[in-house]
Amino acid sequence: MMDSTTGFAPIAPTRLEDMGLPTTLMQNLLLKAVFRMGLQTPSQMAEACAVSPPIIDSLITLSREENLFETLGNRGASASEEMRYQLTEAGRSRALDALGQSEYYGAFPIPLSLFESQSNKQSIKNAVITKEALERATSHLVLPDGMLDKLGPAVNSGRAMLLYGPPGNGKSAISDGICGALGDAIYVPAVVEAFGQIVGVYDPIVHERITEEESEGSSLRLRRDAPHDPRFYKCKRPTVMTGGELTLDMLDLNFNPISRTYQAPLQMKATGGVFIVDDLGRQRESPQALMNRWIVPIEQRYDLLALQSGQKFTVPFDTLVIFSTNFAPKKLFDGAALRRIYYKIKIEGPSQRDFIEIFARVAKKYRVKPSEEVLAHMLTRLYPSPNGPFASFHAPFLIDQMMSIVEYEQRPREMTVDLVERAWANLFVADEENTL
């Protein structure tokens with residue numbers, strides 16, 4: 001379901017048959033919510049279950065027929081007051097039985113079919129990034145000429161990309177800039193139902209919700225018209241970043257034995273957004289093993305997940321995957337894996353001109369005047385040659401070290417040759433000749 005005025009906003013169903021869920025499941029969720037939260041009125045129940053009032057009315061009618069609800073009457077004398085209800089003894093027993101199977105209560109889940117159709121409507125493949133937007137999102141970075149012209153088409157393709165090159169030159173920052181350039185929003189389900197099981201998708205750590213006031217006054221391409229299905233949250237396109245801690249089991253469903261519910265894996269939470277694998281090659285599993293797990297999802301754009309019961313189901317794999325590494329790609333992947341990564345972009349260290357620009361920007365951030373004498377000393381005496389090799393992290397590293405010394409020794413807040421030499425010493429490990 002979608003409202004033509006809002007593009008891809010999901011519209012709340014008003015009939016039980018349009019929910020796409022087993023009636024028993026919805027009944028049990030309502031009973032659990034009433035039992036745990038002490039709800040009495042239909043409006044309270046509708047809000048707690050994140051469904052439209054007609055859905056609750058239908059479930060109350062059904063539950064009364066089964067002697068699970070009884071009426072308490074109106075709170076006031078006015079005919080406009082809502083009817084109040086409470087659980088019968090049979091209703092409380094049914095709620096306890098349902099809680100024994102799963103502690104979850106709250107927003108009704110959406111069926112897998114709706115998750116797939118909604119993901120298709122708001123697919124990352126359709127999120128066009130413009131050169132202007134990418135320039136704006138990376139304006140705080142000093143990038144080599146032509147770099148954005150490589151990144152932009154790669155993002156718009158929606159296909160996996162690999163950023164590689166020597167460490168400390170902004171691969172992670174570039175990934176963040178790409179995420180910032182995606183200036184629209186999507187609808188993220190609170191939970192999804194699979195074979196009667198609850199799978200949590202919305203994660204406040206990953207998903208940044210957007211209020212109606214924020215979207216009304218922003219450039220986000222979601223219009224404020226008919227209210228959307230409250231089982232979905234309006235969010236900015238998500239960004240999931242993981243690094244050396246990534247393991248293969250983090251890409252599978254995570255079962256909580258206490259609540260008896262599942263949490264979606266990282267790539268499912270990133271649906272409609274960006275999934276960044278930083279520091280590739282530093283994980284416990286080999287890059288080839290990780291890539292083998294992703295080959296089918298990347299190519300076919302769907303992922304296969306399994307419940308503890310062994311039942312398997314597919315979900316959309318609708319995410320822009322960005323691999324970032326300091327290692328040579330051929331040392332990480334075989335030829336078949338590299339073939340499946342359509343865009344391979346090398347991030348080199350900055351040129352002398354770019355290094356000086358970075359140095360000046362960082363100095364301004366630290367509220368210290370750049371010193372030509374210090375720069376000249378670095379280029380002619382400290383670096384192997386006036387052309388480096390430079391790294392983007394050198395300027396913030398050195399200036400931070402110099403200012404730390406200044407504060408400790410209560411010296412004037414300015415750069416000097418002796419300060420930069422003391423800072424320079426910390427770029428090295430004692431038993432190595434060169435760490436650049």
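The side chain of serine 123 has a polar atom 3.0 Å from the backbone nitrogen of lysine 125. Serine 123 sits in the loop between helix 5 (112-121) and helix 6 (131-137). All of this comes from a predicted model, where local features need pLDDT of at least 70, side-chain atom pairs count only at pLDDT 80 or more, and totals for chains, interfaces and linings use all residues. Numbering starts from 1 along each chain as its sequence is written, and side-chain values use heavy atoms, with hydrogens and water left out.

**Around serine 123**
- Serine 123 counts as buried because its relative accessibility is 4% (buried means under 20% relative accessible area, with a 1.4 Å probe and protein chains only).
- Leaving aside residues up to four places away in sequence, serine 123 touches Arg237 and Asp318 (contact means heavy atoms within 4.5 Å).

- Strand 4 (residues 161-164) and strand 15 (residues 320-325) are joined by 4 bridges, and tyrosine 164 stands opposite threonine 325.

How values were computed: Helices (H or I, at least four residues) and strands (E, at least two) are DSSP runs, numbered from the N terminus. Buried means under 20% relative accessible area, exposed over 50%, partly exposed in between (1.4 Å probe, protein chains only). A polar contact is a pair of N or O atoms within 3.5 Å; within protein, one must be able to donate a hydrogen and the other to accept it, and residues adjacent in sequence count only if both atoms are side-chain atoms. Two strands pair if DSSP finds at least two bridges between them.
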